[in-house]
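Here are a few exercises to work through with the model open beside you. Try each one yourself before you read the solution.

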Amino acid sequence: MSRQNAAIPGLAWADIRHEWILSLCLFLAVAAVIGPLLLLFGLKNGTVETLRGRLLQDPKNREIRPMVSRSFTPRWLDDLSADFGVEFLVPSTRSISASITLTSGKEKLILEALPSAPGDPLLLENGAVPPQGKACVLSAEAARKLSSQTGQSLTLRVKRLKGSRFETGSTAITISGITDPRATSRTVAYFPLDLLEAVEKFKDGQAVPELGWNGRLPLAEPVFDGVVLGLDRPMDPVLKARLISGTGLSRIAPLRPKDCLEKLGYRLDARTHLFLLTTKKAQGASMIAAVRHRLREKKPLVLPWVAPIQIRLGKKRLNLAALPDAEETGSPWAGAETGNRPSRQIILPRGTEVTGQTELVLDKDHGLKFPVQVLDRPFSKGTWALAPPGLAGILNLNQRRALDWLPEKDLFILKRRGYAAFRLYARTLDQVPRLKQMLESQGIPVHTEAERIRDLKELDRHLGYIFWLIALGGILGGAGALTASLYASVERKRRDLGVLGLIGFSRRALLSFPLYQALFLSVGGLVLALGFYLAMAGLINHLFAAQLAEGEHVCRLGFHHLGFAAAGVVVLGQIAAAVAAFRVIAIDPAEALRDE
Amino acid sequence: MKQVRHWRTQAGVRFELKVPDLDLAPGEFVAVVGPSGCGKSTLLDILGLVLRPAKADIFSIQGRESLLDLVGLSQADRAAVRSRHIGYVLQTGGLLPFLTVRQNIALPLSLNKKKQTGQIQSLTRTLGISEHLDKLPGFLSGGQRQRVAIARALIHQPDLVLADEPTAAVDELTAREIRDQFRGLSQTSNTTTVMVTHDRSLIEGQVDRVFGFRLERDEKGGTCSTLYETEAL
């Protein structure tokens, strides 16, 4: 910087100080434009940010609720849960099963039970820890009606109608937490999913042994893919039609004795005419009974048949078929299967090095494992393992739906197929529309707060337009006032600038005189405007403090906003000064001589 | 200065200023007199490198080796030459109202590498304004302002000082005091001074040389003013 350029800022500042009244007016003029704009932007920013923050923080706004009740399989729910946009997902039982009664002393309340699980954002962000074991979290309204507090014990009662009388199941539970009122205004209680499943089972008439509730077990019934039929004479078309009609069977194929080992897994040559009747969809034991009934005068051989099933015994993989318990098959079961309890016995081909008690595992489909007894002899004649038809039918059923084996009762029971609904929370607000679209594309109408989110975004946008319109007016006015003032200042100082030119200041140096003055005026005005904004923002936030949570503001600007505002004011000031600077070019030092 | 010509046309009337060879010696105190409109201020503009003459030969400052092409000098170069070699005293001082007396006087020094230690004090003491150094020009009398202007014109020890009616705004007694101080300081500092005035009594017997203007009209109604040296009054 040359000596004369270095001298200009001092001269510009000296002039501002000399004309301090006029300069103060200009400071105030700049502050009068910038201050209200900062306040306006602070209000817009603070209000919208607070609302947006509340939207973001409140998990209710990220909740996606299915509007229909259907069976959502565990696999489908697992897939949905694995979606990157999903923060929390817990399956839900049928809403009709979710009505329970809680009693606390003399208080009794029928309320809606909802499932929860670790990580439940609604509970976690509303002052409660998701319940585990025999515990529940009450909504504030439920707690008020029950006059209950955290840690208190309640009695959960569930009713079901059996025949013409009601049966009640009850158990003691602990209140592990109470949500903030903002979580929900409804009277609800949040339970671990397994407790709600127990309630649903009880309402469905089933027993819940772990809670001491009596009822039936959902026993698994074997299903078969067809029957092996043996007759003493050929099958005429009328008989064929009778066998296919109303029995569930759809196809009849003749079976030669020499093919039996390959197709059935055992030899069969008891009758002159053998047939394999198959179904399109596996059927229960009633299908066997129906066939027997229709052929009751022909003394037929009717044996259940299942298509080969892949099993694992230890490390050995084998196909398994049913070996019916009949004299003609030479089976070793000898009436081992009684009632609903299939015999867990199998025979294996000779040379298979598995003996005694071992674990049978079904890897595919729904997975199932239980112990079986491998008989020493006889051996299977073919290459397949053979099991009693009841056990083979159960394994066949397991290929279609999930089963469980109860060791204490030695029974196979049905696992639940799916869940009627779910509680889903998206990870962010922005994920809500995507998940909504994804679910609706699968034919699952859902309810979200998307409209509310969109409304807020629109409010933000519209407030932005209004702000920028006002800001544009203010900025134009402010820039005009600053330009006029600096221009007038240059006009007033033509003689002084001419004298500086005579003394030897170059025109280039003199050009920077109004630029520096604009810089000082802008910065001074900005400081005043900032002081005004901080005072007013503090006052406004103080007035609204009661309605604000910690960290929330009605009027707020970030450092980056203030930085942009400062840069904008300085740039605008320089643009205004540039107009005045052009006027300086026109000043000839000779004017100083002429004006004297 | 040799053979400088400048012309301008104003309101359709052509005015031409002819300046013949002008050889001024260091420390010389020269007066230029003439009626209004004869070209006195235009002469100062040209001498002060404010106006670029339409036609000029060469320009030298006090016979220094560097010769300047008056027509070819850029605005920035002319400003640079002014800041180093030329000082000005204007009718009412031409002081900057927002600077103190000290700052006004020091202004030419801020454009040069010359140091001001003691110079301002001694110069203002000589001119009798040393007690006003921290005042703003607005608080000074007309005579005091002119003395400050003289101090500012001389502080950086220029080769040439151009004074345009420096005593026009003060009373006769003050005018004579200022003239005497001005002349004394110019001679002491060996600075050539060209003073334009219309007050002949002020310069009578007090200047080394006097120049006047000869006005002629041409057939087109234009005016031609030629500078010439008269006998000292």
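**Exercise 1. Is F182(B) buried or exposed, and what is its relative accessible area?**

Some ground rules before the solution. This is a predicted model, where local features need pLDDT of at least 70 and side-chain atom pairs count only at pLDDT 80 or more, while totals for chains, interfaces and linings use all residues. Residues are numbered from 1 along each chain as its sequence is written, chains are lettered from A and ligands numbered from 1 in the order in which they are written, and side-chain values use heavy atoms, with hydrogens and water left out.

*Solution.* Buried means under 20% relative accessible area, exposed means over 50%, and partly exposed is in between (1.4 Å probe, protein chains only).

Step 1: read the value. F182(B) has a relative accessible area of 1%, so F182(B) is buried.

Step 2: look at its ring partner. The ring centres of F29(B) and F182(B) are 5.6 Å apart with planes at 85°, which makes the pair edge-to-face. For the rule, rings of Phe, Tyr and Trp (its six-membered ring) pair if their centres lie within 6.5 Å; planes under 30 degrees apart are stacked, over 60 edge-to-face, and the rest tilted.

Step 3: F29(B) sits in strand β3 (residues 29–33) of chain B and F182(B) in helix α6 (residues 172–188) of chain B, so the pair links parts of the chain 153 residues apart. Helices (H or I, at least four residues) and strands (E, at least two) are DSSP runs, numbered from the N terminus. F29(B) is buried too, at 0% relative accessibility.

**Exercise 2. Which kind of ring pair do F88(A) and Y425(A) form?**

*Solution.* Step 1: start from the total, which is 10 aromatic pairs over all chains.

Step 1: check the geometry. The centres of the F88(A) and Y425(A) rings are 6.2 Å apart and the planes meet at 45°, so this pair is tilted.

Step 2: find the two ends. F88(A) belongs to strand β2 (residues 86–92) of chain A and Y425(A) to strand β21 (residues 421–426) of chain A, 337 residues apart. F88(A) and Y425(A) are buried.

**Exercise 3. How do helices α1 and α14 of chain A cross?**

*Solution.* Step 1: take the axes. Those of helix α1 (residues 3–18) and helix α14 (residues 507–543) of chain A come within 8 Å and cross at roughly 45°. Axes here are lines fitted to C-alpha atoms, for helices over the stretch in contact, with angles from 0 to 180 degrees between N-to-C directions.

Step 1: classify the angle. α1(A) is therefore oblique to α14(A). Angles under 35 degrees count as roughly parallel, over 145 as roughly antiparallel, 65 to 115 as roughly perpendicular, and the rest as oblique.

Step 2: get the hand. The crossing of α1(A) past α14(A) is right-handed. That's the name if the near helix is turned clockwise from the far one by less than a right angle, and left-handed if anticlockwise.

Step 3: list who touches whom, with contact meaning heavy atoms within 4.5 Å. From α1(A) the residues include I8(A), L11(A) and W13(A), and from α14(A) they include F513(A), Y516(A) and F520(A). By class, the contact has 12 nonpolar, 4 polar and 1 charged residues. Ala, Val, Leu, Ile, Met, Phe, Trp, Tyr, Cys and Pro are nonpolar, Asp, Glu, Lys and Arg charged, and the others, Gly among them, polar.

Step 4: look for rings. W13(A), Y516(A) and F520(A) are linked into a cluster by ring pairs.

**Exercise 4. Which residues does α3(B) use to meet α5(B)?**

*Solution.* Step 1: axes again. Helix α3 (residues 101–111) and helix α5 (residues 142–154) of chain B come within 7 Å and cross at roughly 30°, so α3(B) and α5(B) are roughly parallel.

Step 1: the hand is right-handed.

Step 2: V101(B), N104(B), I105(B) and P108(B) of α3(B) meet V148(B), A151(B) and R152(B) of α5(B). That contact has 5 nonpolar, 1 polar and 1 charged residues.

**Exercise 5. What does E197(A) touch beyond four places away in sequence?**

*Solution.* Step 1: E197(A) lies in helix α6 (residues 193–203) of chain A and is buried at 18% relative accessibility.

Step 1: E197(A) touches T93(A), R416(A) and Y419(A).
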